[in-house]
Amino acid sequence: AGIAGVGIATVDRVMNERGNVSDKTTQKVLAAAKQLNLKRILPSPHHRLLRIEALLARPELPLISRLNREFARQAQRIDKSVIIQRTILKSDYPALVAKAIDETKCDGVVMYTQAHPLIHEAIAKCKARGVAMISILSDLPESERLAYAGMDHYSGGRAAAQFMAWTIREPGAIIAIGDHFGFRAHAQRVQGLKDGLKDYAPHLTVTEV
């Protein structure tokens, strides 16, 4: 600590790879350790802390609550060189979500959000400065996100239609309930349901409401 000109706590964070130390300070501490011929394997000087932000909105929803808990569990399980930071927004208004994306200080953002020009613009700005953007559950293919992690919702809608064809023999109308079509997942699932009913159960229709 004396040779590097830092505190003992900083030496502890570097030597035990606890993170929250700049690359410049890490280099100074490792150089001091080598100068003292410290009898231990030193951390890699190129090992850098990686920060991932999990961006979620509307914590009162059961799905968001489950996602929040799972991200918290993963933060305890993964390598200590990776930090998962959870940001919970009170609403999913595009302007609020776009602001949160634009202001991230992390290396990557994992987000479940709707498609909107403001959000797409914020994602593009993050990509331009080297921040990886990944959409989960509902895709944003029109944006410059790096990847999508989630199911094929259109196929899910068709699977629901096939199940209904097996179980509902009488003709009638179906009401499809979702959040809103700003989320691509909802729109894809309902479209898959409609198309699937035409193929598997033409005696059933989706009521427009």
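A nonpolar core here is a set of buried Ala, Val, Leu, Ile, Met, Phe, Trp, Tyr and Cys residues joined through side-chain atoms within 4.5 Å; buried means under 20% relative accessible area, exposed over 50%, and partly exposed in between (1.4 Å probe, protein chains only). This is a predicted model, where local features need pLDDT of at least 70, side-chain atom pairs count only at pLDDT 80 or more, and totals for chains, interfaces and linings use all residues. Residues are numbered from 1 along each chain as its sequence is written, and side-chain values use heavy atoms, leaving out hydrogens and water.

**View A. The largest nonpolar core has 16 residues.** Leu55, Ile101, Met111, Ile123 and Met133 touch the most other members. Two or more residues each come from strand E1 (50-57), helix H4 (94-102), strand E3 (108-111) and helix H5 (117-128); helices (H or I, at least four residues) and strands (E, at least two) are DSSP runs, numbered from the N terminus. Another core, of ten residues, lies apart and includes Ala54, Leu56, Ile84 and Phe183.

**View B. Zooming in on Leu55 and its contacts.** Beyond neighbours within four places in sequence, the residues in contact with Leu55 (heavy atoms within 4.5 Å) include Thr87, Leu89, Val97, Ile101, Val109 and Met111.

**View C. Helix H7 (residues 184-200) and its cover.** The 17 residues of H7 reach 24 Å from first C-alpha to last, close to the 24 Å expected at 1.5 Å a residue, taken as 1.5 Å times one less than the number of residues. Buried in H7 are Ala185, Val190, Gly192, Leu193, Asp195, Gly196 and Leu197. Their cover includes helix H6 (153-167), strand E6 (172-174) and strand E7 (204-206).
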